[in-house]
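Got the viewer open and a cartoon on screen?

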Amino acid sequence: EGSASSRLRAWGIATRMALDNPVLGVGMYRFRSHYKEYNPTFTEGEEVIVAHSSYFQIWAECGTPALLLYFTLILGSFITCWRVRAQARRRYHSSWIINYANMFEASLAAFMVGSAFLNRAHFDLFYHFVCIIIAFATIARREMEEELTNPLRSQGGRGEIVAVERAGFGRRARTSA
């Protein structure tokens with residue numbers, strides 16, 4: 001119960017910060033330094049906490065425009081995955097594009113849920129992930145275009161499946177008599 005109530009209190013404090021500073025926020029990485037002035041029940045010796053939510057942290061520290069841009073990145077990534085998957089289902093019958101689109105969408109959804117309860121506001125891995133989704137969409141669209149312009153390739157795909165000798169630490173044939 002203590003963790004839940006501290007999160008709710010932190011979200012309320014972040015909301016007050018954001019409403020008082022709607023355009024630029026209180027400044028990046030400045031939530032903790034402004035925490036005391038926005039917490040009316042703060043007592044000396046109490047621990048200064050973070051917002052415990054990426055969304056509230058961005059809103060309080062960087063303002064409403066930054067939060068809207070953050071949501072735009074998330075929504076744009078979802079839309080990219082949905083469009084590539086729909087295009088692959090219509091014209092391309094390879095599972096790798098559909099599987100990757102599903103994987104990216106599930107990963108993004110998991111990140112969003114985690115970000116609601118953890119402070120990952122300035123975690124750069126999210127921005128790398130958005131770039132990977134953009135790169136994936138570019139590669140997938142080129143692959144689908146190539147299939148349309150070179151239909152012979154689609155008959156053989158990337159080549160026939162050929163059995164190869166198993167590698168590793170398995171049983172080996174005897175070489176001596």
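Colour the cartoon from the N terminus on, and the elements run α-α-α-α-α-α-α. That makes seven helices and zero strands, where helices (H or I, at least four residues) and strands (E, at least two) are DSSP runs numbered from the N terminus. This is a predicted model, with local features needing pLDDT of at least 70 and side-chain atom pairs counting only at pLDDT 80 or more, while totals for chains, interfaces and linings use all residues. Residues are numbered from 1 along each chain as its sequence is written, and side-chain values use heavy atoms, with hydrogens and water left out.

**The core**

Of the 177 residues, 34% count as buried; that word means under 20% relative accessible area, with exposed over 50% and partly exposed in between (1.4 Å probe, protein chains only). A nonpolar core is a set of buried Ala, Val, Leu, Ile, Met, Phe, Trp, Tyr and Cys residues joined through side-chain atoms within 4.5 Å. Select Tyr70, Val84, Ile97, Phe126 and Phe136: they have the most contacts inside the largest such core, which has 27 residues. Helix H3 (54-62), H4, H5 and H6 each give two or more residues to this core, and H6 supplies the largest share, eight residues. Another core, of 11 residues, lies apart from it and includes Ile13, Met17, Phe31 and Ala60.

Now centre on Tyr70. Which residues is Tyr70 in contact with, leaving aside its neighbours within four places in sequence? They are Ser54, Tyr55, Ile58, Phe111, Ser115, Arg120, Phe126 and Tyr127.

**The rings**

Show the aromatic side chains. The structure holds 17 aromatic pairs; rings of Phe, Tyr and Trp (its six-membered ring) pair if their centres lie within 6.5 Å, and planes under 30 degrees apart count as stacked, over 60 as edge-to-face and the rest as tilted. Phe104 sits in helix H5 and Phe136 in helix H6 (residues 125-149), so the pair ties together parts that are 32 residues apart in sequence. Both Phe104 and Phe136 are buried. Then try Phe111 and Phe126, which count as stacked because their ring centres are 5.2 Å apart and their planes are at 10°. Those two rings also belong to a cluster, linked by ring pairs, with Tyr55, Tyr70, Phe71 and Tyr127.

**The salt bridge**

Select Glu105 and Arg85: their side chains meet in a salt bridge at 2.5 Å, N to O (the cut-off is a side-chain nitrogen of Lys or Arg within 4 Å of a carboxyl oxygen of Asp or Glu). The pair links distant parts of the chain, with Glu105 in helix H5 and Arg85 in helix H4 (residues 64-91), 20 residues apart. Is Arg85 buried or exposed? Arg85 is buried, with a relative accessible area of 9%.

**A last stop in a loop**

Finish at Tyr29, in the loop between helix H1 (2-20) and helix H2 (31-38). Tyr29 has a positive phi of about 65° although it is not a glycine. Its 60% relative accessibility is why Tyr29 counts as exposed.

Methods. Contact = heavy atoms within 4.5 Å.
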